[in-house]
Amino acid sequence: MTNYHLKEATSNKKLTGLKPQKLVSATTSSWLTCSNACPLFNEGYAKKGPQSWNANKVTKKERGYNFNTLIKEIEELRTNTFLRLNVSGDLPSENYINDERKIDKEALKKIYLATQKTNTTAYTYTHLHCDKKNKEYNLNAVKEHSKQNFVINISTEIKKNALKHYFNGHDVVITNTRLFNAALKEQLETGKQAQIKTDKGTVDLFPCDAQYKESNCSKCKKCAQYNRSEIVIFKEH
């Protein structure tokens with residue numbers, strides 16, 4: 001079955017700039033938790049480099065533990081921790097018998113309650129909305145459980161999809177190098193955030209700080225902001 005690992009005081013480059021911080025932690029979940037319908041299933045950030053080595057060990061159960069132990073580990077974090085859930089992997093699903101992924105709401109609730117014991121701010125990203133059979137169920141599950149200090153971002157790659165989910169009330173990120181470069185260029189030239197104007201309203205674009213200047217997630221924390229006005233953009237990495 002699935003396996004998990006929590007690294008307290010992580011030195012993950014994107015999260016902390018390679019400098020361990022006692023109040024910044026991260027989890028890794030088995031690759032099994034991912035949906036193979038995810039457009040980045042074979043080429044995402046965590047499929048290469050040090051994180052892939054860690055994820056492979058967790059998946060093979062050479063490192064880590066079961067879900068119940070993960071919950072205990074989260075409950076024992078230092079007070080006011082900043083927690084990135086699933087540096088690789090995705091949200092827990094009800095079963096892993098086939099390629100379908102249906103979010104396990106009870107498991108998600110347990111993770112949330114565990115973070116509340118130490119006033120931990122947690123955030124993550126999910127591609128489980130790509131599951132053809134359980135797409136709407138998973139989107140509703142994300143909306144139901146995402147809240148202040150427990151943000152579940154909908155991950156996208158296509159602008160129209162990002163806008164659709166944004167106007168449906170989700171916190172959204174998009175991995176799109178072309179859009180990232182265009183938004184960053186406008187921001188640097190004008191000093192203002194780039195925007196997308198639609199018939200439903202205007203959306204601000206926020207190029208990931210860590211991808212163009214000396215910054216990291218623990219400094220920025222934009223992706224952990226609930227009900228934000230911006231769509232966060234990443235370039236492929």
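A cavity here is a set of points, on a 1 Å grid over the protein atoms alone, where a 1.4 Å probe fits but cannot get out, and its lining residues have an atom within 4 Å of a point. Points are joined across faces, edges and corners, and a volume is the space filled by probe spheres set on them.

You're looking at a predicted model, where local features need pLDDT of at least 70, side-chain atom pairs count only at pLDDT 80 or more, and totals for chains, interfaces and linings use all residues. Numbering runs from 1 along each chain as its sequence is written, and side-chain values use heavy atoms, with hydrogens and water left out.

The C-alpha trace spans about 50 × 40 × 30 Å along its principal axes.

Now go inside, where a search of the whole structure turns up three cavities of 30 Å³ or more. Select C208, C217, C220, K222 and C223: of the 16 lining residues, these lie nearest the centre of the largest cavity, which has a volume of about 110 Å³. Next, colour β4 (121–126), α8 (217–220) and β9 (230–234), each of which supplies at least two residues of that lining.

Then move to the second largest cavity, at about 80 Å³. Select its lining: Y4, T27, S29, F67, L70, L85, N86, D90, L91, P92 and I111. Here β2 (24–29) and α3 (67–75) are the elements giving two or more residues.

Conventions. 1 Å grid on protein atoms, 1.4 Å probe; cavity = no way out; pocket = protein on both sides within 12 Å on 5 of 7 lines; lining within 4 Å. Helix = DSSP H or I, 4+ residues; strand = E, 2+ residues; numbered from the N terminus.
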